[in-house]
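Colleague: Before I plan anything around this protein, can we go through what the labels on it rest on?

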Amino acid sequence: YGMYAITATTAADGFTALGKYVLGLITPGSLDLANQRNGWLVVTSYLKLLEVWMTCAIDPHKTTPPHEILWSQVAGWDWGSHVFQLRRRLLQVLGDTGKSPHAEVGKKPVPPAVRAALAAVWHVLAAWLEGSAVNSVKSGELERHKLIEEMAIPESRQVEDFALSQVVEELSRSLDSVARKPNGEVDIPDTLSSNGNVLLSAIRLGFACFPPEPTPPTPAPFGPLSESNFHAILTLCNKLVFHSLWDELRNFPTYQILSLRPLSNLLAYATLVARRCGAHALELKDWLKLAFGTMTCLVEGDEDLGSRVLEGITRSITKDAASELTSSGDKWIFSDISPEVWSQGGLPVILPFLQTALRRTHVTSREGGGEDEEDGPGIGESPPEFLAPLVTGRNSIQEATTLCLPRSSTSPKGGSSTPRGGGYGLPLRRDWTFAPLDALLHSSTASVFKVLPNEWNHSEVDVVRATLLLTRTLQDIVAGGTTSGFSSDTRAVTMSREEIVFGCMKVFMLEHGQNSNSSFGNDSATEVFRDAMVEREMDRLLAPFRSLGRPINPPPATHRNFPSSLERTSLPYLGAATPFFQFYSDFLGLYDSVSFGHPTFGALLIPPLANSTYPIDYRKLLWGDYAHVLRHLTMEPTDIIGSDAKDWLYPVESDGELIGMYVKALGNGRLRGFLRWIAIHHVAFNIWPDLQEQPFSSFGSKAKAMGAEPTEASKQSRLTRSRKVLQAVLGNSNLNGVKEVVLYYQPKPNSNPVLPPPMCFEDNNSGNWKHQRLEWVLTWGGEALGSRLQGLLSS
C-alpha cells in the first residue's frame, strides 16, 4: 500500500517538528492571502498523513510488515490533542481571531483550499475516534466525550455551522448545473467533488461519535453537525441520490468516476448515520428509500461501505418493521408474509450473497466451453484487483491491491466480454437484489458458497423468499407503490419490466438440472416456485406490469436507460456466448415438463412472443415445437405482462409457416384467452382486404417503405394467399373459430386503441366492411363459398 508508517517511529522528533511548523502556518489573516494556497496544501497533506497512519495503528497486524506503528504510540505522541489544537487555530482564522464568528466569514465564501483543510481536520478526528473505539478503554468513551465537549463550544460550532451551510448551498447549486454536452457526455462541475468531500468528512466524524452498537437511536447534534445542518445534508442527499447523473455511471470515463467518489461516500455515510439516528432523522420508509438509492450510486472501491449499507437494509426489514409499515398504511409491502421468513432468519439470510455481489467476479473458462468458474485465476492470469477506498479503513490496508481505477470499471453494462453468470461488482446493476438467485443457479462455481459462515444453514426456499421480499421492498418503497412500477423521481433505482420478468424466470429455472448443479440438492418435497410465499411475491412483483388496456403514467421509460428487451436484460447474466433464445428454449422445455399449467410460469412465456420486439423464432418455437402446451396458456389480456397489446398484434405476421400454426391451433378448439386473440388477429389480417390496407399491416409495407407501390404480381400473390388461408380456416377450424375469424375487426391502429375481445367480434359494421368481405368472397369463391359465410356477413 505504501503507507510506510515506520517513519513516524524512526523520525519521531522530525515529525513532531513538522507538526509545529504546520501549526504555525495557520495564522490570523491567512484567509485573505492568495499566496497562502500552497501553505494550505501543506496543512491538508500533513493532516491526511496523520489520518492514514492513525488508521494503520488501529490494527498493527494489517500493515506489511506488521507492527510498523502501534496505537499506544499514537496515544503517547498525543496526536489527538495536536489535531484539536490545529482545529482551534483553523476556526480562529475562519472566525477572525475569536471576534464575531461571522465578521470575516459572512463577507465572502471560504476559499476551497481552506475548506479542504477543515475537511482534513474532520477526517483525522474521525480516524482518531475509530481507533479509540477499538484500542481504548470502554471502546473510546472518554475520547468521544472529549471531542463532543470540544465541538460544543458555541463560538466554534457557529463557525463550523456556517461553513457547512455554505457548502450545502453550493453543492445543491452545482447539482442543478449538471448538464449534458452536445457530444452526449455529462458535464460535471469541479466543485461537486471538493464540496462533497467537505460534507463527507463532517458526516464521517458524526458517525464516529456514535458509541458501539447496539445502542438506542441517538438524535443530532453530534460532532460538527448541528440539527439544522444535519437535516439540510439529508435533504441534499435525497436530491443527490435520485439525480439523473447516476444513470450514466457505468458509461463515465475514469476521471469522472474519480470525481464522483466523494459523493458516493457521502451518500453511504449519510445513510449509516441516519440509520443510527432512527426516527430522529428519517422514518424507516424514507431511510430505506435513501439506502436503496445509495446502493446504485456506489463505485468501485466502495465495497466496504456498500457492505455496511446492505447490512443495515437487511437488518432493518424485520417482523417489527413489517408491523410498523403495515400500521402506517403501507399494506402492499409487508402484508401476508409467511412467519417462516422471520423464524428462518429474515433477510440477513441473503446478506453474504449480496455482499459477495459487490466484488467484481474473476471468471475463467474451462477448456471445452464448460461452465465458468470463479475460484481463482487461471494459467497466466493475474488475481483480481481490489481498488483502495477513498477513505482508508483498517481492513482496506491489507486488502487493497491498487490505487488506480481499473479500465473495466467504466465499461458499459453487458458487452462482448461479459462472462456467463457474471456482471456484478460496483457500480451495481439495477437488478442487484436478484444476485442470490444467480448464485443458486451457479451454485457449483459461485464463490459465495466458499465464504458462508459456519452457522449459515438455510434452504433454497429461504434464499428465494428473502430475495423476492427484498426486491419487492425496493420496488414498492422507492416507487411508492405506484401502478406503473416507478414514479417521477426514481431515475434508474427501480427495475424495469424486463428486469423483473427475467428475475422471476430465474426462480423457475432453479428446477433446471438441479440434481446435478445445486449445492443444496433437492431440499424440498416440491419445486421452489410452488412455495406459497414465493408464488405470492412473484405475483406482486409482476402486478404493476400487467397493464394491457390500462394507461401507464409515465409511459414505458426508454429514456431512463432501461433495457428494451429481455435479450439485452439477460446479457450480463448469460454472457455473449449464450443467446437468450437458448435460455427461453430451456425455460419453455421446463414449463412443459414440470409446470402443470402454473399460471405465473405460463405468463412469463408470453413477453418474448411480442412481434414488435423479438424475432419470429420465439413464436415458432411455442406455436410449433411446443404447440401442445398452448391449451394450458389460458391467461386473459388483463393477465399479460406488457403495456400495449399492439406489441403482439403488429406488425402483422406474414410468415406462411407461422400462419399455418395459428390456423392449426384454432382448429383444435382448445386455444383460449389472449393467445386465441393473437392467433385470430394474425389469421384475419392475412385474409380480409379491408384489414390488409391498414398502415401497420405487413402486406405491401416493405415496398411502400422503399417508395414503390405494390405491383400487380404482388397483389395477385396476396390474393392467392388470402384465399388459401380462408380455405384452411374453413376446413380446419371449428364453428366458433370460423365465426371469430370472419367477424374479426380492428380500427386503424395508428389513431385508435385496439379492440379487445369480445368487442372485436361484435356486430360493428362501421364502414360497411361486412358487405365488402362478402363481395370479395363471392368474386372468387362463388355462391358455394359465399353461402357458407353469408349468414355471418349479412347486415
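Colleague: What makes Tyr618 buried or exposed?

Modeller: Tyr618 has a relative accessible area of 2%. Buried means under 20%, exposed over 50% and partly exposed in between, using a 1.4 Å probe and protein chains only, so Tyr618 is buried. Keep in mind that this is a predicted model, where local features need pLDDT of at least 70, side-chain atom pairs count only at pLDDT 80 or more, and totals for chains, interfaces and linings use all residues. Residues are numbered from 1 along each chain as its sequence is written, and side-chain values use heavy atoms, leaving out hydrogens and water.

Colleague: And what does Phe581 count as?

Modeller: Phe581 counts as partly exposed, because its relative accessibility is 29%.

Colleague: How many aromatic pairs does a search of the whole structure find?

Modeller: The search turns up 34. Rings of Phe, Tyr and Trp (its six-membered ring) pair if their centres lie within 6.5 Å; planes under 30 degrees apart are stacked, over 60 edge-to-face, and the rest tilted.

Colleague: Why is the pair of Phe292 and Trp432 called tilted?

Modeller: Their ring centres are 6.3 Å apart and the planes sit at 45°, so tilted is the label. Phe292 is in helix H12 and Trp432 in the loop between helix H18 (396-399) and helix H19 (435-441), so the pair ties together parts 140 residues apart in sequence. Both Phe292 and Trp432 are buried.

Colleague: What makes Phe581 and Tyr618 edge-to-face?

Modeller: With centres 5.2 Å apart and planes at 80°, the rings of Phe581 and Tyr618 count as edge-to-face.

Conventions: Helix = DSSP H or I, 4+ residues; strand = E, 2+ residues; numbered from the N terminus.
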